[in-house]
Amino acid sequence: MKNDDIRASLMKRSRAAKNERFGKTLTGLCILIIITVVVSIFFFVASKGLATFFTNKVNLWKFLTGTIWNPGATDAQGNPQVGALPMIVGSFAVTFLAAIVATPFAIGAAVFMTEISPKIGRKVLQPVIELLVGIPSVVYGFIGLSVVVPFVRRTFGGSGFGILSGTFVLFVMILPTVTSMTIDALNSVPRNYREASLALGATRWQTIYKVVLRASTSGIITAIVFGMSRAFGEALAVQMVIGNAMLLPGNLISPASTLTSVLTMGMGNSVMGSLSNNALWSLALLLLIMPLIFNIIIRKIAKKGAIR
Amino acid sequence: MKKKWFSLFILPMATIILAGCSFKQTGQSITAVGSSALQPLVEAAGDEFTKENAGEFINVQGGGSGTGLSQIQTGSVEIGNSDLYASQKSGIDASKLVDHKVAVVGVTPVINRKIPIKNLSTTQLAKIFSGDITNWQQLGGPNQEIVVINRAQGSGTRDTFERWVMKGRSAVQAQEQDSTGMVRQIVATTPGAISYMAFPYVDKTVKTVNVDGVTPTAKHVTTNQWQIWSYEHMYTNGKPTGLTARFMDYILSDAIQNKVVATMGYIPVKDMKVSRSLQGKVVQLSHEK
Amino acid sequence: MSPRKWDKVATTVLYMISVFIIAVLAFLLLYILISGLPHVTWHFITGRSSSFAAGGGIGIQLFNSLYLLILSMLISIPLSLGAGIYLSEYAPKNWLTDLIRNMIEILSSLPSVVVGLFGFLVFSINMKLGFSILSGALALTVFNLPLLTRKVEDSLQAVHYTQREAGYALGLSRWETVIHVVVPSALPGILTGMILGAGRVFGEAAALIYTAGQSSPPLDFTNWNPTYIASPLNPLRSAETLAVHIWKINSEGIIPDASAVSAGASAILILFVLLFNFAARYFGNKLYRHLTGARERG
């Protein structure tokens, strides 16, 4: 009888095990919901974006390399003119330039906050960076339009609209994201690495440069890629300063366009299910795929460079 | 312990889902979606309407003529606002939609204030926008490059402008903007800029030009001397009923047409001395009132 | 140059970078506030917006922004917390988890206009929620979840494994360790993520244009029954937020004082983000102290 009791209590799940299962199910449920959302968006964009190629029979290669975007009209052979190259080039140009400009600033600020003066960092820089995120992109766009564009026009000539202005605006917009993620990366470097380095007689800068930054390389690269994805997807602010001309950009100060700017502009003016609308969804599909690709590439690079 | 987590996670979501599903609201509302150019007008009329009929709301949303037409076609909204005739848009089956012309709007070319040009001919305008004329000097102005600012493809304003000015010529690839506000700001601040916009949006930051000697005024539009104009349409799916019908009557009533429509810079439909069909045929109207 | 000199140079450069970032923000803030604050009056903050005459206010838009913020955070905080905990503590390390992580990352770079259209077709039309606060809140959740989840996961990952081991050593189950040990010490990081997310919600326009809509029917502030159509709490009414209002009057507005209204509205928006930031920081510190017994976070 007594044995049975013990047996029963051993066979029964303990309170902790029940708790454990409850927790796992609950959090698993949350991730399931998110996966559902992600998959449905992918499916949604893909089903609309691929219609250009399957329903409207646009050649994929022509879509990627064509330079004339005029979905309402057809060319001499009767094919729709949907060449996305100018937008692809424009998007990549602003994204890479903004990332190149923002990276040193972001790493510098992050190092300052974690290694040099955590006190000032936490009290001043952290709130500053969080505030920069809070400024809506519409406001960035209007400051870009009333400050950056005239500045570029006066300094570099042209109309002021173009990739350069887009870069400046995006730089400020992705700076907080990259910085705060770099801070996380630096913070996750264990304390004893630093102590070991300092104990070997290295200066603070040597420690930062040779130990901390090396140890967090993959985290920093993730931060940059993340910032680039941000820049790639930003629409309203860029659209206001880049000029939105569907031309292959010849230089940095002539009007150009990005995938997002064309997408945002055209969406309301086209009828769902028509070719011009489907072509816009194909651009959205590109926007989904591109970051995926450079994510994979950079992950590969990061794996090589990181010390384990 | 368990309860705490349960309430933190599930309760808010459950409440929200329940609220979304099982919820009958009191009061009545209809939704009008579409053309952003028409939006302020319908919104103002809706406000007046609600003031007179408590508990009855007109939701007015922008989103562009394309959105308006595709939504009214699928029947997910009650009214679709459009700057274009429904049959002009590809992908729209216009036969089921009922057109209500609620106002007329003129479109005028605008230039940067620093360009001392007062008059342009239709041909000159067409040449500017097709990229054949690239400097103001060619038109007797200062030596300043022309910066063409176009509206987004499919925009109602661009369509009107291209129809009555470009007459089939294709536009040069240039800057495009998707809203009148942006166009106005860019024309105001960019030296040598030219664009076009609907009458209600013109203000003192930009300068209008006469076309073929005709000044862009409401009066010239009513007689078709100023040719660049279009109707503003509100489409319903089939004959309107109930609240939609009452609102359509209301927006066409004299009170709204004289007060709201005219103050905002639109032209009341009943002021028109001519009517113009989809194909562009102009008929003189005789008002016997 | 000697390592010591390099150290000095590098430190100076880092100081300069920090000063530069602060200067950029100071410039932005001052620019917005100086051009906006002169237009802010009590009437402007509480008044009703006007669709064509001058002198409109932003009262309803402000209320809508706050309400939408609360509603969308109510949905997204628990979800992202759960998902982040799962990814960080439970998920097996394999390609599937990596794929999920990658997909979430990609989702966060999706242009908000695509999220808006997705929300429009799914929430507004298929789920028949129409142009409403609720569909806006759901769209914002979609928009915000990836970033929040990531942030939660990162903050949890940053908690040292010895802390978890200490929890297990005390005989706590994994779940108990997570919620009693790991989450409290990761709280400052999580909180930062939430603040960033809230800021994005507050300033987002493109995702809301097609979901929460851009009209603001007059509200009856005496009737708080959420089922009445003009009640401020009704989650099924269409609601224009502050950021959408700024976008709208700048793009298609025909009110004569558009630039003044938009400058004033931007200033108010920024002030609210500031206020929200400081409040969250203050309460976060308090909560952190309460949960861990530490005096200072860090």
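**Reading a predicted model**

A: Start with one residue and what touches it. This is a predicted model. Apart from neighbours within four places in sequence, B:Gly192 is in contact with B:Asn112, B:Ile115, B:Trp136, B:Gln144, B:Glu145, B:Ile146 and B:Val147.

Q: Where does B:Gly192 lie in chain B?

A: B:Gly192 is in the loop between helix H6 (180-189) and strand E8 (193-198) of chain B.

Q: Does B:Gly192 count as buried or exposed, and why?

A: B:Gly192 counts as buried because it has 20 C-beta neighbours inside 10 Å, and 20 or more is what the label requires. Distance to a given residue is another matter: the C-alpha atoms of B:Gly192 and B:Tyr266 are 74 residues apart along the chain and separated by 28 Å.

Q: What would a residue in a loop of chain C show?

A: Take C:Phe131, in the loop between helix H5 (112-126) and helix H6 (133-157) of chain C. C:Phe131 is buried, since 30 other C-beta atoms lie within 10 Å. Leaving out residues up to four places away in sequence, C:Phe131 touches B:Thr31, B:Asn59 and B:Gln61 in chain B, and C:Ser124, C:Ala212, C:Gly213 and C:Ser238 in chain C.

Q: How many helices and strands does chain B have?

A: Chain B has nine helices and 14 strands. Of its 289 residues, 47% count as buried. Among the contacts in chain B between residues at least 6 apart in sequence, 72% join residues at least 24 apart.

Q: What does chain C consist of?

A: Chain C has eleven helices and zero strands. Its C-alpha trace spans about 65 × 55 × 35 Å along the principal axes. Of the 298 residues of chain C, 52% count as buried. Contacts in chain C with a separation of 6 or more come from residues 24 or more positions apart in 72% of cases.

Q: What is the phi of B:Asn224?

A: B:Asn224 has a positive phi of about 70°, although it is not a glycine. B:Asn224 is in the loop between H7 and strand E11 (229-237) of chain B. B:Asn224 counts as partly exposed because it has 16 C-beta neighbours inside 10 Å.

Q: Which helix of chain A is short of the span of a straight helix?

A: Helix H6 (residues 137-156) of chain A has 20 residues, but its end C-alpha atoms are only 25 Å apart, short of the 28 Å that a straight helix would reach. H6(A) bends by about 40° at A:Gly144. A:Gly144 is among the buried residues of H6(A), which also include A:Tyr140, A:Phe142 and A:Val152. Just after H6(A), A:Gly157 takes a positive phi of about 85°.

Q: How do I describe two helices that pack together?

A: Two packed helices are described by the angle between their axes and the distance between the axes. The axes of H2(A) and helix H8 (residues 174-203) of chain C come within 7 Å and cross at roughly 70°. H2(A) and H8(C) are therefore roughly perpendicular to each other. The contact is made by A:Ala16, A:Asn19, A:Glu20, A:Gly23 and A:Lys24 of H2(A), and by C:Arg174, C:Trp175, C:Glu176 and C:Val178 of H8(C). These residues divide into three nonpolar, two polar and four charged.

Q: How many residues does the contact between chain A and chain C take from each chain?

A: The contact takes 68 residues from chain A and 71 residues from chain C. On the side of chain A, the largest share, 20 residues, comes from helix H2 (residues 15-54). The residues on that side of chain A divide into 46 nonpolar, 16 polar and six charged.

Definitions and conventions
Residues numbered from 1 in each chain as written. Chains lettered and ligands numbered in written order. Predicted model: local features only at pLDDT ≥ 70, side-chain atom pairs only at ≥ 80, totals over all residues. Contact = placed C-beta atoms within 7 Å. Helix = DSSP H or I, 4+ residues; strand = E, 2+ residues; numbered from the N terminus. Nonpolar A, V, L, I, M, F, W, Y, C, P; charged D, E, K, R; others polar. Expected span 1.5 Å × (residues − 1). Bend = angle between axes of the 7 residues up to and from the residue. Buried ≥ 20, exposed ≤ 12 C-beta atoms within 10 Å, placed from the backbone. Axes fitted to C-alpha atoms, helices over the stretch in contact; angles between N-to-C directions. Parallel < 35°, antiparallel > 145°, perpendicular 65-115°, else oblique.
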